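Morning, everyone. Let me put the structure up.

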Amino acid sequence: MSAKNAYFIVFANEKGGSGKSTTAVHVAVALSAKGLKVAAVDLDTRQRTFARYMENRVESIKRIGMDLPTPETKVFDPDSGDDLNLLLDELSQNYDFVIVDTPGRHSSDIRSALERADSLVTPINDSFVDLDLIGQVDPESYHIKRPSFYAELVWEARKARGKRDGKTVDWIVLRNRLQHLEARNMRHVASAMTELSKRVGFRIISGLSERVIYRELFLKGLTLLDVKALGRAGLGHVAARQELRDLIAGLKLSIPDPKKA
């Protein structure tokens, strides 16, 4: 991977509560743990979930005296007058991966981030409420009636990316929080999502289950990968770490060997 061609992973979803920032944090730390140079940009200047997570992580490092892999994190404030594209250009020249965590709304800066994406990750809860963001579903047949506004937004961003440099965007829909839905509803959601994926062009992979551990880890800035810092781990932690490994594998990233850089 060229030092002047960082791989951009953009986490975006205009609906909140999908586990977007939690997933972005775990992916960023997982890549950092492999010895790669990882930068992260938090575009949500209101909630700053990603940035707050990393601030908590830095405090934990100081408190426990343990070196933990931590991505370089920046918060971009559109009211500052700075240019997001200039920041992303700078990061692209100095890092292997750039993670962008976006807020649940649309803006010109978020559109710029979407057009930068090599991988666009859209986490959604496994429900028709969240699926409606991407495609409208017929209430009788459960077939897709038409793509929704967000799918059209992504389509425009992908066209802009292709026109600019001829590259494609790997759009990944991440099915989060699967375990608390009853089976019949889950089957209908899965069927509709598969149909929609063929129409608008995204891949579907499984994400992170609903687990209390994710909410607890935020306060210390820790992730499931910080085994030594977590101390004793129960079976739930082991299962959650396997989910994370499967998620990383599902992203199908080309990960360079930092020793050969």
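I'll go through the salt bridges helix by helix, then finish with a network.

Some ground rules. This is a predicted model: local features need pLDDT of at least 70, side-chain atom pairs count only at pLDDT 80 or more, and totals for chains, interfaces and linings use all residues. Residues are numbered from 1 along each chain as its sequence is written, and side-chain values use heavy atoms, leaving out hydrogens and water.

A salt bridge here is a side-chain nitrogen of Lys or Arg within 4 Å of a carboxyl oxygen of Asp or Glu. That rule gives 14.

Start with helix α2, residues 49-64. Helices are DSSP runs of H or I, at least four residues, numbered from the N terminus. Glu-55 pairs with Arg-52, closest N and O atoms 2.9 Å apart. They sit three residues apart in the helix, so about one helical turn separates them. Glu-55 is partly exposed at 33% relative accessibility. Arg-52 is too, at 32%. Partly exposed lies between buried, under 20% relative accessible area, and exposed, over 50% (1.4 Å probe, protein chains only).

Next, helix α4, residues 108-116. Arg-111 meets Glu-115 at 3.1 Å, N to O. Here the spacing is four residues, again about one turn. Arg-111 is partly exposed at 27%, but Glu-115 is buried at 16%.

Then helix α6, residues 149-165. Glu-156 and Lys-159 bridge at 3.5 Å, N to O. They are three residues apart. Both are partly exposed: Glu-156 at 34%, Lys-159 at 40%.

Last, the network. Which residues does it link? Asp-118, Arg-161, Arg-164 and Asp-165, joined by salt bridges.

Conventions. Helix = DSSP H or I, 4+ residues; strand = E, 2+ residues; numbered from the N terminus.
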